[in-house]
Amino acid sequence: MSHRSSVPLAWRRFEARYRLVGNRCLTCGTIYFPPNAICPKCRRKGKLEKYQLKGEGKIHTYTIIHAAPSGFEKRVPYCIAIIELDEGPKVLGEVVGDLTLLDIGARVRAVFRKIYEDGEDGIIHYGLKWELV
Ligand SMILES: [Zn+2]
């Protein structure tokens with residue numbers, strides 16, 4: 001019997017990226033984001049189910065970017081951090097808001113923001129950022 005979803009892979013990736021849907025191993029309780037195909041701890045004994053993360057966590061480590069890649073020059077300086085989610089997984093993302101609050105352990109929450117724009121009247125790309133709270 002196949003356990004593969006009939007939902008196209010692109011949509012599943014979209015869902016994971018924009019809605020913070022990971023998965024959880026029912027055997028050991030470990031939560032994964034992005035979702036893992038198997039639980040590396042339990043392997044064949046693991047049973048994974050979809051898990052909605054709250055989108056809250058704290059800054060594990062961060063760096064301020066002063067030299068941006070092409071297309072991002074107007075935004076420097078900006079902050080990229082590894083966020084440790086309350087549920088355990090760590091994610092990489094941009095931190096926004098009052099950067100004077102920036103510190104290891106500072107609380108953040110996921111917000112849906114413009115990432116970049118293609119040209120003057122181009123397509124606007126959205127994604128998750130992390131706002132200091
Ligand atoms: Zn497991």
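A strand, as the word is used here, is a DSSP run of E of at least two residues, with numbering that starts from the N terminus. With that in mind, and remembering that the model is predicted, begin by selecting residues 124-132, which make up strand 8 and include isoleucine 124.

Stay on isoleucine 124 and display what surrounds it. Is this residue buried or exposed? Because a residue is classed as exposed when 12 or fewer other C-beta atoms lie within 10 Å of its own, isoleucine 124, with 10 such neighbours, counts as exposed. Once neighbours within four places in sequence are set aside, the contacts of isoleucine 124 are Lys114 and Glu117. Lysine 114 is ten residues away in sequence from isoleucine 124, and their C-alpha atoms are 6.8 Å apart.

Then widen the selection to the barrel, in which five strands close in the order 4-5-6-8-7 with mixed pairing, and in which the twist from one strand to the next averages 45 degrees.

Finally, move to the open sheet, whose three strands follow the order 2-1-3 and pair in antiparallel fashion. Its edges are strand 2, at 31-32, and strand 3, at 48-52, each of which pairs on one side only. Select residues 21-25 to show strand 1, which is joined to strand 2 by two bridges in an antiparallel arrangement; here asparagine 23 has tyrosine 32, in strand 2, as its bridge partner.

Conventions. Residues numbered from 1 in each chain as written. Predicted model: local features only at pLDDT ≥ 70, side-chain atom pairs only at ≥ 80, totals over all residues. Pairing = 2+ DSSP bridges. Helix = DSSP H or I, 4+ residues; strand = E, 2+ residues; numbered from the N terminus. Buried ≥ 20, exposed ≤ 12 C-beta atoms within 10 Å, placed from the backbone. Contact = placed C-beta atoms within 7 Å. Axes fitted to C-alpha atoms, helices over the stretch in contact; angles between N-to-C directions.
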